[in-house]
Amino acid sequence: MTPIRLAVIGAGHLGRIHARIAAGLDGLELVAIADPVDAARQSVAQEARTRGVGDYRELIGDIDAAVVATPTTTHHAVCTELLASGISLLVEKPLTPTSAEADELVGLARRQGLVLQVGHVERFNPALASVASELRDPKFIQATRASGYTFRSTDIGVVLDMMIHDIDVVLSLARSPVEEVRALGISVLGRHEDIATAWLTFASGCVAQLTASRASFQQRRTMNIFTSRLSASINFATHEATVVRPREDVLRREFHAESIEAADRPYWKEHLFDELLVRTQQTTTPVNAIEEEQRDFVRAICTGKSPRVDGAAGRDAVAVAEMILRQIDEHAWDGTSAGRRGPQAMPALPIVAGTTQPIAEQKPRRRAG
């Protein structure tokens, strides 16, 4: 098979990872790294043993496909030009900042007969894969995603930066239209929200509660899913999943805890997760999710089949993110129309005690010596 000629557009954190993986992946020939910053592209190109170019347009005609890992606000322009030139794309999440832009890319890819895949990498996480087939018709989903501030992706807030992963997973599980959204969020370090919580209600009756923070001192990527017959707990960070299956008499409401004799209570307390709510640790095989994502991209190009996360799925996630962001903007923190609203509820430039100089204007202190 003739290798697919691939370029990585963007030499930032994710671009570097994509380039390193693509350089060693069967079915791909890494042609170049494109980035306007010379030092960044040369560093990544040298590591991936390929060449660097300053403008991705120089590569049109020399490549069949590209990974787009540029800032989110540039995705629409970059992808439009590449798709119009007949180049299949794997675009880092989110697909675009708005669903209108995403719709345009989905339509263009369809008309061109090209693969448009979106980098919602958690869909390739082995923990999710180990339980996904059992999570039909979920009724309640709870997701938490938290990290420290990386000072990357500052062109978007935490909803499009982090929560979008869980939005995509939830949409893939619920498979139902979103009917209602409630949300609130707050900015901590910039003009976009850095902490957000959202409640989604689906036509199926499923409810999802999503919380994301990029200003947390704790790292966490977890999801709990409840169906009519079982519950599953997923740790995306450790690739672990646990399933709890209630015994049949518990499911039929024939087990009544209040009827248990006092002498029997210690037994049931000790064996709660052995006999009543039977807990099973799922077996997972560690994988590099971004590598699996790239393999899926190659398969889609070679076979003509849709990738696991196609452009339409990426667009749907952005559309729900937009709904959440509208609710965040409209949230009245003081309960009145005249009070504080939206993610900028706190002063944008708080004053340090003992000085009139805004924090943003202060220079960092340097250690002596």
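## Around Thr-96

Leaving aside residues up to four places away in sequence, Thr-96 touches Thr-72, His-75, His-76, Glu-101, Ala-102, Leu-105 and Val-318 (contact means heavy atoms within 4.5 Å). This is a predicted model, in which local features need pLDDT of at least 70 and side-chain atom pairs count only at pLDDT 80 or more, while totals for chains, interfaces and linings use all residues. Residues are numbered from 1 along each chain as its sequence is written, and side-chain values use heavy atoms, with hydrogens and water left out.

Thr-96 sits in the loop between strand 5 and helix 4; helices (H or I, at least four residues) and strands (E, at least two) are DSSP runs, numbered from the N terminus. Is Thr-96 buried or exposed? Its relative accessibility is 0%, so Thr-96 counts as buried (under 20% relative accessible area, with a 1.4 Å probe and protein chains only). The Thr-96 side chain also reaches the backbone nitrogen of Ala-102, at 3.1 Å.

## Helix 4 against helix 11

Ala-102 and Val-318 turn up again where two helices meet. Helix 4 and helix 11 pack with these values:

| Item | Value |
|---|---|
| Helix 4 | residues 99-112 |
| Helix 11 | residues 311-330 |
| Packing angle | about 170° |
| Axis separation | 9 Å |

Helix 4 is therefore roughly antiparallel to helix 11 (an angle over 145 degrees). Axes are lines fitted to C-alpha atoms over the stretch in contact, and angles run from 0 to 180 degrees between N-to-C directions. Helix 4 brings Ser-99, Ala-102, Asp-103 and Val-106 to the contact, and helix 11 brings Gly-311, Ala-312, Arg-315, Val-318, Ala-319 and Glu-322.

## Helix 3

His-75 and His-76, both touched by Thr-96, belong to helix 3 (residues 75-84), where they are buried along with Val-78, Cys-79, Leu-82 and Leu-83. Down the axis of helix 3, the buried residues fall within an arc of 165°, so they line one face of the helix; the arc is that of the directions from the helix axis to the C-beta atoms. These buried residues pack against strand 1 (4-9), strand 4 (65-68), strand 5 (88-92) and helix 4. Just after helix 3, Gly-86 takes a positive phi of about 85°.

## The whole chain

Stepping back, the protein chain has 11 helices and 14 strands, and buried residues make up 46% of its 369 residues.

Notes:
Parallel < 35°, antiparallel > 145°, perpendicular 65-115°, else oblique. Buried < 20%, exposed > 50% of the residue type's maximum accessible area, 1.4 Å probe, protein only. Polar contact = N/O pair within 3.5 Å; in protein donor to acceptor, adjacent residues only side chain to side chain.
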